[in-house]
Amino acid sequence: MKNGFHILPASRLSRVTAACVQGLAASLASLAAPATAAPPASAQEHREFDAMLEAAFPAPPAGQARTFILHFTLPGARPAQGGAWQLSLHRPDGRLLRQWRGRHAARQGSGRVQIAWRADAGLPSGIYELRLQAGDIRQRRPIAVGQPALLLAASAAPPAPGTAGAPGPAQLAGLPYTILYGNLHSQTNHSDGGGDPARCNGAQAPQSAPFGPDDAFQFAQRHGLQVLLASEHNHMYDGSESSAPGADPLAARQLYRIGLASAASYSAAHPGFTALYGQEWGVISGGGHINILNSPALLGWERSSDGQPFADVVTPRNDYAALYKIMHEQGWLGQFNHPKESQFPIAGQALAYSQDGGAAMALCEIMNSHAFSSRIDEGETRHSYYESACNRLLEAGYQLAFSSNQDNHCANWGAAYGNRTGILLPAADRQSQDSVLAAIRARRVFATMDKHSAIALSANGAIMGSEIENSGPLALQVHYASSAGRGIAALDIMHGVPGRRGEVAALPGVAGLQHRFTPAPGRHFYYARITQDDGRQLWSAPVWVNQR
């Protein structure tokens, strides 16, 4: 033990040097936590309720019905256990057009409901919106009715060249940034991921699957990604989904360091690809998951039968105020993973803000493909959307960019769907772990459902992620590119007020990629949301404006 931390002797470390261990001890000395009684065993993960809305965007041929599919999952549910749901269809101006209600049954842990709807003759063409509510889950999806006019027509030019005849990555003309496309949420066999897609249909027993971090980085790079974060569940380093007091704490901490070394060595050996290794901290029950992107230490709350912590830094389970404080002090970056409106409590208040959290938390997942997908052709149709919860976090006061990840548990890192997290790296910077993390810290990040498209927002020339002072008119510019030649069916510039805890809403009167107006005095944030002509959406990071 050194400085209150349990550090493995160099002779027992695999692929980690003694210098790395000594540096880890020195950097974390201020965080030493005294031994405490072991908390209750961690709740089993992936036993929470989830709901997904599947709705094709294009309008069917005239006179034909379209089908909306509601997917419900509740692993471990009792036979026919379920709950209430509500689906509503809203006109382009937000007025309610149609509503359906019912109860779902999660037989053997899953269930689905199909709803047929035929547009009435004479219903005006436009982009309508479906809104699903089931428990604490709220999701919205756009659909086209008739033949809505496009804000930006699809390009007639041939797609920008890529590999094997496919379009290449998009780049935003006129901005001095290179775009990196990545996935900042995935698991390997260091926790409950890495399952063979041929046999994988859910989370794996911890540390049982065949594929680890090196496999993940190699697979993602071959699939065209430029960044991958292996984010392992922090409480599974003992080899258990719940608790294993008989496990070896030294081996648990060693496994985390092996993962760090794997990411560092892979990045060094593969220029143009950034491998990151971190942890998904927390449990769903009573809390929520947070990715810590850049911690050299394993955090946790579990202890062995003789009282030794499995983690380098003891953090109380579900104590988000304490977690944020440690992250802020150490400069660690966080991402809210698949947030729900009942999660991340402080003093009993869900989605609560703290100054430490505001400094540490940089990202919020706004859309994910299905965590247990085994698809390797980017054909997954089950998606989850979290814009409502992310907006509540922004309104609480967090300064967050949006991400779109895959939460892979099967060995299909980046291949389940075409969604990506886009990272804007200054064109003069060399791609590395440090430069990627610096771009994330600056909130120069966007979320896209289309790996061939990119979005950014600037305010008076300041790029998204910036906070600016302004007086008089404000000029917002939406930057968009599609190497596949896609058009824009709808564009919204969303507006909110930090600390208000109100509703984020679209600005009125936005008719193009440029919008000029004078905000009311006070603090504001704005972000752009594009719906392409194929229904896939993109979200810019916000800009924050202090209007004098």
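## Salt bridges

A salt bridge here means a side-chain nitrogen of Lys or Arg within 4 Å of a carboxyl oxygen of Asp or Glu. By that rule, the count is 18. Keep in mind that this is a predicted model, where local features need pLDDT of at least 70, side-chain atom pairs count only at pLDDT 80 or more, and totals for chains, interfaces and linings use all residues. Residues are numbered from 1 along each chain as its sequence is written, and side-chain values use heavy atoms, with hydrogens and water left out.

Take Glu 129 and Arg 131: they form a salt bridge whose closest N and O atoms are 2.8 Å apart. Glu 129 is buried, at 18% relative accessible area, while Arg 131 is partly exposed at 24% (buried is under 20% relative accessible area, exposed over 50%, partly exposed in between, using a 1.4 Å probe and protein chains only). Arg 95 pairs with Asp 93, with 2.7 Å between the closest N and O atoms, and both of these residues are exposed.

## A link across the sequence

Glu 378 and Lys 451 also make a salt bridge, at 2.9 Å between the closest N and O atoms. Glu 378 sits in the loop between strand 15 (361-369) and strand 16 (383-385), and Lys 451 in the loop between strand 19 (445-448) and strand 20 (453-459), so the pair ties together parts 73 residues apart in sequence. Helices (H or I, at least four residues) and strands (E, at least two) are DSSP runs, numbered from the N terminus. Glu 378 counts as buried at 18%, and Lys 451 as partly exposed at 23%. Back with Glu 129, shared partners join Glu 129, Arg 131 and Arg 140 into one salt-bridge network.

## Tyr 266 in helix 3

Tyr 266 is in helix 3 and is buried, with a relative accessible area of 9%. Not counting residues up to four places away in sequence, Tyr 266 touches Asp 214, Phe 217, Gln 218, Gln 221, Phe 273 and Ala 275 (contact means heavy atoms within 4.5 Å). From Tyr 266 to Leu 276, 10 residues apart in sequence, the C-alpha distance is 9.3 Å.

## Ile 69 in strand 2

Ile 69 belongs to strand 2 (residues 66-73) and counts as buried at 12% relative accessibility. Leaving out residues up to four places away in sequence, Ile 69 touches Met 52, Leu 53, Glu 54, Arg 112, Val 113 and Gln 114. Of these, Arg 112 is 43 residues from Ile 69 along the chain, with 6.8 Å between the two C-alpha atoms.
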